Amino acid sequence: MSTQIEHARQGLVTPQMAAVAQNENVPEDFVRQQVAAGKIVIPNNRMRNPHPVGIGQGLRTKVNASIGTSSDIIDYAAEVAKAKAAQNAGADTLMELSVGGDLDRVRREVIAAVDLPVGNVPLYQAFCEAARTYGDPNKLDAEMLFDIIERQCADGMAFMAIHCGINLYTIERLRKQGYRYGGLVSKGGVSMVAWMMKNGEENPLYAQFDRVCAILKKYDVVLSLGNGLRAGAIHDSNDRAMVQELLINCELAELGRDMGCQMLVEGPGHVPLDEIEANIRLQKRMSGEAPYYMLGPIPTDIVPGYDHISAAIGAAQSSRYGADLICYITPAEHLALPNEQDVIEGVKAARVAAYIGDMNKYPAKGRERDKEMSKARRDLNWQKQFELALFPDDARAIRASRTPEDEKTCTMCGDFCASRGAGELFKHDLRGDKI
Ligand code: SF4
């Protein structure tokens, strides 16, 4: 059976492409052409058919929320609740990243709880199972790894972050540059680097890349090329090791597309604001404009507790310059496993960032809602303001919690409401949109 990219190349608009076109208000053939060119991907799975979400050039920037158990906190019901909370808060995709407890069980329960496309990182379960089976994660063998990828695909995964781009050459880059300020921060990346160093062998996900693609193609799953050497400190951003892995991932994106697999490329991580644009331009140029999935990025290392805000600032920039999917960051980042409230805050912060980024990515169509909001504020039309708000329930709740004396104003300025006073002064000068 053909994948989305193969159907698109054959000239066929699939139901998923038609749904994406309708959701994004773009022509169906535009989506088909972009999917055929590998510039849009639609995470899918023949066993599950999740809600169709398009990721890529010409479409709204999407937000991913990641949940999952840790080895310290294993609560299946809590992970299901977080998955539902992420969906309700407006996440476009979900990653199930458990590393504690019964990994098959939590994956299946989370997938059953939402209709979003769900992704994961197969290396987590592979190394967990090798540790449980052999007492040593480095005893993982390639057959076990490929079996786990297939099992997870059969459960309904729609996209998989797979660390194919880490190889012996990237480890050499890391050593020759004298390691790093912030070290390595990707769980899957570190585990694979350790496996290669202990076994003295090439990463099987790189050496047998065609096998990875063949499994994912069978289920029509998107292959997201993991960023195992992403910088975990702004001073490591765009260093030689990270750029080396990006270069390999961009090569693999082209190879995977040629094999008929939908391909995403993953990016950092921690990046100062003035390096974000360059990183994105490099990825787009080297990958033939494959969709780019960025983890924020976080532009400073010193705000634990507020990393969702820091990441939103980075993500507004990254989406502006062409990132297509941004992974949320929660207030718990660098501190603890996120709880349900952290998940909600993280999704909302990322949605603000994506919205602001899109206003600049697509200036022709991205600012009308803001103009309408301005007029509603000027006219003290509260109902209209709530209708236009990105999070209307939150806005209503704040206003309702502090009711003003004059219902036209709010308790911020009360009798000194500038909008009310100025509206009276200039009410005969209003000229519709020219104001
Ligand atoms: S009271 Fe102040 S903040 Fe509130 S609507 Fe009037 S001008 Fe705006």
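**Overall architecture**

The model is predicted. The domain assignment divides the protein chain into domain 1, covering 4-361, and domain 2, covering 368-434. Between the C-alpha centres of domain 1 and domain 2 the distance is 40 Å. The protein chain contains 19 helices and 10 strands. Its radius of gyration is 23 Å, close to the 22 Å that the globule rule gives for 435 residues, and the protein chain is therefore as compact as a globular protein of that length. The C-alpha trace extends over about 80 × 50 × 40 Å along the principal axes. Of the 435 residues in the protein chain, 47% are buried. Among contacts with a separation of 6 or more, 74% are between residues 24 or more positions apart.

**The loop at Gly101**

Gly101 is located in the loop that links β4 (93-96) to α5 (103-113). Beyond its neighbours within four places in sequence, Gly101 makes contact with Thr69, Ile74, Tyr76 and Val106. Asp72 is 29 residues from Gly101 in sequence, and the C-alpha to C-alpha distance between them is 9.5 Å.

**Backbone exceptions**

Most residues other than glycine have a negative phi, and most peptide bonds are trans. The table lists the exceptions described here.

| Site | Feature | Angle |
|---|---|---|
| Pro268 and Gly269 | cis peptide bond | omega about 15 degrees |
| Gly296 and Pro297 | cis peptide bond | omega about 5 degrees |
| Asn25 | positive phi | about 60 degrees |
| Leu380 | positive phi | near 55 degrees |

Gly269 belongs to the loop between β8 (263-267) and α13 (273-287), while Pro297 is placed in the loop between β9 (292-294) and α14 (307-321).

Asn25 occupies the loop between α2 (15-24) and α3 (28-36). It has 8 C-beta neighbours inside 10 Å and so counts as exposed. Leu380 sits in the loop between α16 (368-378) and α17 (382-388). Leu380 has 17 C-beta neighbours inside 10 Å and therefore counts as partly exposed.

How values were computed. Residues numbered from 1 in each chain as written. Predicted model: local features only at pLDDT ≥ 70, side-chain atom pairs only at ≥ 80, totals over all residues. Domains from an automatic or database assignment. Helix = DSSP H or I, 4+ residues; strand = E, 2+ residues; numbered from the N terminus. Rg over C-alpha atoms; globule rule 2.2 N^0.38 Å. Buried ≥ 20, exposed ≤ 12 C-beta atoms within 10 Å, placed from the backbone. Contact = placed C-beta atoms within 7 Å.
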